[in-house]
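Please open the model in your viewer and keep the selection panel at hand. The stops below are meant to be followed in order.

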Amino acid sequence: MILDATEENLLRAVAELRAGNCVAFPTETVYGLGADARRPSALARIYALKGRPPTNPLIVHVPELSRISEVAETAPYTAHLEALSTLWPGPLTVVLPRKSSIPAIVSGGGDTVGVRIPSHPIAQRLLQLADIPIAAPSANRSKRVSPTTALHVAQEFGENVSCVIDGGACPVGIESTVLSLVTPLPTILRPGSVTASQLEAILGPVQHLSSLTLSSPQPLPSPGLLTEHYAPRTTTKLWSRGEPAPTAARWGIITQSTEPPEIRGYSIHRSLSPGGELHVVARNLFATLRFMDDQGLDLIVVERCREEGIGVAIMDRLKRASAREGN
Ligand code: TXA
Ligand code: MG
């Protein structure tokens, strides 16, 4: 059931969380499917609802920096965490050693935990009222496109999630940057709107997971991130201006700006932003992919964007969306 974000409904969500149930709520990035991070049975529900492999860890949300130590071992990382505080609350998740009081199921069986301090006022209020750490992956079925509205969440889970708090459309639109602090050099496991250059300005050199290879001497910090796709059901292909039109019977095209594509033959055209502004592109990306996916097309064509700033994260999601075998 979709509920307005009134204080009364937030208290209802808190009661659900305390009872060990899952509730969906908005964050500045995407909607999350939350549960009490201290209760293995509640966490097992998240994995079951999402159809998520048990080895893929969950992100734990806390309201402020001082609360990270409730879920993670912070002592060796105090300097890094203090330095990163200029980016919090906000779309940055850090991976730290998991505190033994937090169940291993959060970590997909490993010994680290991803922690995030969301800035969205509804997520903040929920965390404050609940006064517990909330584990919340994106509120979509495993490997599907993340939800950026309450309606998307309801479409993913129907009545299986009893409470979806409606906060309108998520302002950032793509998932948080995930940064591991437990690797010899801080490592970006997932690009997001907090960019590599922002992190490097604060922490010094930062490594990128995509630059690590499978023959790398160190174990990969998050194998799931390499294989997980965020894909529409419809086959999706990337395209740049100057490339030929596809041969599919009925296809739609998503462009970065309102400039019409010069290729012909498409059934539907949607643009992600007026002039290719990357923050607007990110905000509209998942909703537009979902819209196209509902049109009964044979193919979705998406124009590539420039890989700079948040464009790195946008292209990461687009490459995954188009990576399914046969695409
Ligand atoms: O923006 C976000 O981060 C959203 C909102 C709801 O906060 N959450 C989100 O969660 O995107 P999820 O579970 O859909 O994606 C988290 C990603 C996964 O790919 C997971 O493998 C990685 O972060 N991750 C989480 N904990 C980790 C850990 N301890 N070590 C390595 N990777 C981790
Ligand atoms: Mg996800």
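Predicted model: local features only at pLDDT ≥ 70, side-chain atom pairs only at ≥ 80, totals over all residues.

Residues are numbered from 1 along each chain as its sequence is written, chains are lettered from A and ligands numbered from 1 in the order in which they are written, and side-chain values use heavy atoms, with hydrogens and water left out.

Select ligand 1 and then its shell: 28 residues surround the ligand, and the closest include Asn56, His61 and Arg116, a residue being near if one of its heavy atoms lies within 4 Å. The shell divides into 13 nonpolar, 10 polar and 5 charged residues.

Next, show the side chains of Arg52, Asn56 and Arg190. An N or O atom in the side chain of Asn56 lies 2.6 Å from an oxygen atom of ligand 1, while for Arg52 the corresponding distance is 2.9 Å, and for Arg190 it is 2.9 Å. Of the 680 Å² of accessible area that ligand 1 has on its own, the protein covers 99% (Shrake-Rupley method, 1.4 Å probe).

Now colour the strands (DSSP runs of E, at least two residues). β4 (59-61), β6 (112-116) and β10 (187-190) each supply at least two residues of this shell, and β6 gives the most, with 4 residues.

Finally, select the cysteines. The count comes to 0 disulfides, a disulfide being a pair of cysteine sulfur atoms within 2.5 Å. For Cys163, the nearest cysteine sulfur is that of Cys22, 11 Å away.

Notes:
Polar contact = N/O pair within 3.5 Å; in protein donor to acceptor, adjacent residues only side chain to side chain. Nonpolar A, V, L, I, M, F, W, Y, C, P; charged D, E, K, R; others polar.
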